[in-house]
Amino acid sequence: MNTKQTIAVIGATGNMGSNIAKNLSRGNNRVLLFGNEKEKAEAVLNDIKNSNSSADVEALECPADASWEADIIILAVPYQAEREIAEKIKEVANQKIVISIANPLNENYDGLVTAPDTSAAEQLQKLLPNSKVVKAFNTTFAADFATPVIDGKQADAFVAGNDEEAVNTVTELVKTAGFNPIVAGDLKVSRTLENMQLLLIQLGIKYNYNWLAGWKILHN
Ligand SMILES: NC(=O)c1ccc[n+]([C@@H]2O[C@H](COP(=O)([O-])OP(=O)(O)OC[C@H]3O[C@@H](n4cnc5c(N)ncnc54)[C@H](OP(=O)(O)O)[C@@H]3O)[C@@H](O)[C@H]2O)c1
C-alpha cells in the first residue's frame, strides 16, 4: 500500500470540495477539510463519516493550518478567490503539491476571464512559485463524483503539470477518486483543459446534459 498522504481541501464545503474530499477519503489518505463556515465543514465531515466510518478526516478552522499539515493542497474555490488563499498558504505550501481545479469562467459562462496565453493553473503557479502546481479535476463535474461511470464508460480526468513526481502522485489521486487519469502534458496544457470544460459547460447547457457529463478519449 502507498504511503498515507495528507490532503487539505480548501473550499471543502463547496460542490467540488465536498465530493473530492469524500472520494479521496476512501483511499489511504488523511483528508483535512477547510470551509469558511465551521458548521458547513462539520456537515461535510459527518456526511463522509456516515458513508465511511473508517475515513480519516478532520475539519480545521484555518486554511494555513490545514495546508501546513498537508502533503497535498487542493484549492476547491472559485478562480477569483485563489489570490487571497495563496497569500494565506504561501509560506506553508513550499515544495508541496497544490492542485488547481479552477475553471476561470466569466459570469455568463461563455468565455474565460484569463488571457489566451495563460491559464488559471499558470496564474496560481505564479502566486505560489515554490509549490508544485498540478492541474486536475477541472474537466469533471461535481455531479460525476458519485458515479464516475457515465453511459457505461469510466470518465477520463486529465492531469497536467511540470513536476513529474507531482504529476504521478496526482494521477494516483485521480484513480482513487474513481476516474481514469490521462496525463495531458505540462502546466501549459491547462489552457486547453480549461477551455475543454468551457466547451462541455456550453454543450451541457445547450443539450441539457444535467451536469452529468465528462470526457472520454476513444482509442485503440
Ligand atoms: N462545480 C463543478 O462541477 C466544477 C467542475 C470542475 C471544476 N470546478 C471548479 O471548482 C472550483 C469550485 O467550484 P464549486 O462548483 O465547488 O463552487 P462552490 O460550490 O461555490 O464552492 C466554492 C467553495 O469555495 C469557498 N470559497 C469561496 N470564496 C472563498 C474565499 N475567498 N476563501 C475561502 N473559501 C472560499 C466556498 O465557501 P463558502 O460557501 O463558505 O463561501 C465554497 O466552499 C471552481 O474553481 C470551479 O471552477 C467546478
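## Around the ligand

The shell around the ligand is made of 11 nonpolar, nine polar and two charged residues. This is a predicted model, and 22 residues surround the ligand in it, the closest being Gly 11, Gly 14, Met 16, Asn 36 and Ala 102. Two elements give two or more residues to this shell: helix H1 (15-24) and helix H4 (82-89). Which of them gives the most? H1 does, with three residues.

Is H1 mostly covered or mostly open? Nine of the 10 residues of H1 are buried, so by the cut-off of 20 or more other C-beta atoms within 10 Å the helix is mostly covered. The buried residues are Met 16, Gly 17, Ser 18, Asn 19, Ile 20, Ala 21, Lys 22, Asn 23 and Leu 24. Met 16 is also one of the residues closest to the ligand.

What do these buried residues pack against? Their partners are strand E1 (5-10), strand E2 (29-34), helix H2 (38-51), strand E4 and helix H6 (164-176). As a reminder for viewing any such helix, an α-helix has 3.6 residues a turn, so residues three or four places apart point the same way.

Start with E4, residues 72-75. Ile 72 and Ile 74 point one way from E4, Ile 73 and Leu 75 point the other way, and all are buried. E1 and E4 run parallel and are joined by four bridges; here Val 9 has Ile 74 of E4 as its bridge partner. E4 also pairs with E5 in the parallel sense, again over four bridges. In this pairing Ile 72 stands opposite Ile 97 of E5, while Ile 73 stands opposite Val 98 of E5.

Now move to E5, residues 97-100. Ile 97 and Ile 99 point one way from this strand, with Val 98 and Ser 100 pointing the other way, and all are buried. E5 runs parallel to strand E6 (residues 132-135), and four bridges join them. Ile 97 has Lys 132 of E6 opposite. A right-handed β-α-β unit is made by E5, helix H5 (residues 120-127) and E6.

## A buried aspartate in a loop

Asp 144 is found in the loop between E6 and strand E7 (149-150). Why does Asp 144 count as buried? It has 22 other C-beta atoms within 10 Å, and the cut-off for a buried residue is 20 or more.

Leaving aside residues up to four places away in sequence, Asp 144 touches Ile 150, Ala 155, Leu 212 and Gly 214. Ser 18 is one of the buried residues of H1.

## Two residues with positive phi

Most residues other than glycine have a negative phi. Tyr 109 has a positive value, with phi near 60°. Tyr 109 lies in the loop between E5 and H5, and it is exposed because 12 other C-beta atoms lie within 10 Å, where the cut-off is 12 or fewer.

Asn 208 also has a positive phi, near 55°. Its place is in the segment after helix H7 (190-207). Is Asn 208 buried or exposed? With 8 C-beta neighbours inside 10 Å, Asn 208 counts as exposed.

## The whole chain

Stepping back, the protein has seven helices and 10 strands. Its C-alpha trace spans about 40 × 35 × 35 Å along the principal axes. A compact globule of 220 residues would have a radius of gyration near 17 Å, and the 16 Å of this protein agrees with that.

Buried residues make up 45% of the 220 residues. Among contacts with a separation of 6 or more, 72% are between residues 24 or more positions apart.

How values were computed:
Residues are numbered from 1 along each chain as its sequence is written. This is a predicted model: local features need pLDDT of at least 70, side-chain atom pairs count only at pLDDT 80 or more; totals for chains, interfaces and linings use all residues. A residue is near a molecule or strand if its C-beta atom, placed from the backbone, lies within 6 Å of it. Ala, Val, Leu, Ile, Met, Phe, Trp, Tyr, Cys and Pro count as nonpolar, Asp, Glu, Lys and Arg as charged, and the others, Gly among them, as polar. Two strands pair if DSSP finds at least two bridges between them. A crossover is right-handed if, with the strands pointing away from the viewer, the path from the first strand over the helix to the second runs clockwise. Two residues are in contact if their C-beta atoms, placed from the backbone, lie within 7 Å. The radius of gyration is taken over C-alpha atoms; the globule rule is 2.2 Å times the number of residues to the power 0.38.
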